[in-house]
Amino acid sequence: MSDATAEVAADPVAVPAPGDGELIERSLAAGESFAAIFDRHGLAVHRYLARRVGHSLADDLTSETFLLAFRLRARYDPSQPDARPWLFGIATNLLHRHRRTEVRQYQAFARTGVDPVAEPHAELVDRVAATAASRRLAAVLAKLPATERDVLLLVAREELSLVEVARALDIPAGTVRSRLHSARQRLRRALADLDPSTPEEH
């Protein structure tokens with residue numbers, strides 16, 4: 001091998017990983033390509049679901065989310081490089097069947113102070129005395145309209161932008177902004193004496 005060849009071999013040009021849109025498009029012809037989407041986002045989807053309905057139910061819902069995503073993959077816009085908003089949207093729709101479970105979980109946390117999912121909303125109560133604020137926050141989340149809770153948690157916890165939340169939930173960005181504003185107002189009123197910080201818009 002010549003010195004020039006050795007130098008090229010030692011310093012290969014990095015090939016960028018394909019975006020989610022490209023992988024999903026490939027999976028239309030080769031279904032096994034979709035496995036990479038689960039590898040990339042399975043943990044995030046499971047974590048999102050577990051925070052809302054507990055780990056046990058989240059296992060089943062995560063499987064349902066990716067099975068449904070696979071069946072619907074032909075509808076995915078391949079120009080979108082990040083499939084998280086799409087996957088979170090599917091997961092949120094599946095959660096609609098389990099609203100009572102979610103509310104009961106928040107109510108139990110508010111009543112006992114025992115977090116069933118190991119600090120699921122720590123970011124929302126940053127700089128606040130953890131136990132008192134978290135229990136109060138859980139009580140507020142239990143009372144929020146489901147549509148506002150969806151938006152709040154996708155923005156505050158999953159760090160989606162307003163545009164991404166709109167895409168995830170298939171609603172106008174203005175509706176996302178309105179629901180987020182309303183949810184924040186409820187949080188501020190409920191936690192005013194604790195001076196909490198509410199999540200900033202993206």
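User: Where does L144 lie, and why is L144 called buried?

Analyst: L144 lies in the loop between α7 (130–143) and α8; helices here are DSSP runs of H or I with at least four residues, strands are runs of E with at least two, and both are numbered from the N terminus. A residue counts as buried when its relative accessible area is under 20%, as exposed when it is over 50%, and as partly exposed in between, with a 1.4 Å probe and protein chains only. L144 has a relative accessible area of 4%, and is therefore buried. This is a predicted model, in which local features need pLDDT of at least 70, side-chain atom pairs count only at pLDDT 80 or more, and totals for chains, interfaces and linings use all residues. Residues are numbered from 1 along each chain as its sequence is written, and side-chain values use heavy atoms, with hydrogens and water left out.

User: Which residues is L144 in contact with, leaving aside neighbours within four places in sequence?

Analyst: Contact means heavy atoms within 4.5 Å. By that criterion L144 is in contact with R149, L152, A183 and R186, once neighbours within four places are set aside. The C-alpha atoms of L144 and L187 are separated by 9.3 Å, although the two residues are 43 apart along the chain.

User: Why is L49 described as buried, and what does L49 touch?

Analyst: L49 belongs to helix α3 (residues 35–53). Its relative accessible area is 0%, so L49 counts as buried. Beyond residues up to four places away in sequence, L49 touches G54, A58, L61, T62, T65, A91 and L95. L49 and L94, 45 residues apart in sequence, are 9.7 Å apart in space from C-alpha to C-alpha.

User: Why does H98 count as buried?

Analyst: The relative accessible area of H98 is 17%, and H98 is therefore buried. H98 lies in the loop between α5 and α6 and touches V53, L57 and L61, not counting residues up to four places away.

User: What makes the length of α6 agree with that of a helix?

Analyst: The expected span of a helix is 1.5 Å times one less than its number of residues. For the 14 residues of α6 (residues 99–112) the span should be 20 Å, and the end C-alpha atoms are 20 Å apart, so the two values agree.

User: How do you know on which side of α6 its buried residues lie?

Analyst: The buried residues of α6 are R99, E102, V103, Q105, Y106 and F109. They cover an arc of only 155° around the axis, which puts them on the same side of α6; the arc is that of the directions from the helix axis to the C-beta atoms. The face turned away from this buried side carries the exposed residues R100, R104 and R111.

User: What is found for the buried residues of α2?

Analyst: In helix α2 (residues 20–27) the buried residues are D20, G21, L23, I24 and S27. They fall within an arc of 165° seen down the axis, so they line one face of α2. Their cover includes α3 and α5.

User: What makes the phi of E159 and of D170 worth noting?

Analyst: Most residues other than glycine have a negative phi. E159 is not a glycine, yet has a positive phi of about 60°. D170 is likewise a residue other than glycine, and its phi is near 60°, a positive value. E159 lies in the loop between α8 (146–156) and α9, and D170 in the loop between α9 and α10 (173–191).

User: Why are E159 and D170 called exposed?

Analyst: E159 has 55% relative accessibility and so counts as exposed. D170, with a relative accessible area of 70%, is therefore exposed as well.

User: What lines the largest pocket?

Analyst: A pocket is an open set of points on a 1 Å grid where a 1.4 Å probe fits, with protein on both sides within 12 Å along at least five of seven lines, and lining residues have an atom within 4 Å of a point. The largest pocket is lined by 14 residues, of which W86, I90, R167, A168 and D170 lie nearest its centre. The elements giving two or more residues to this lining are α5 (84–95) and α9 (162–169), and α5 gives the most, with 5 residues.
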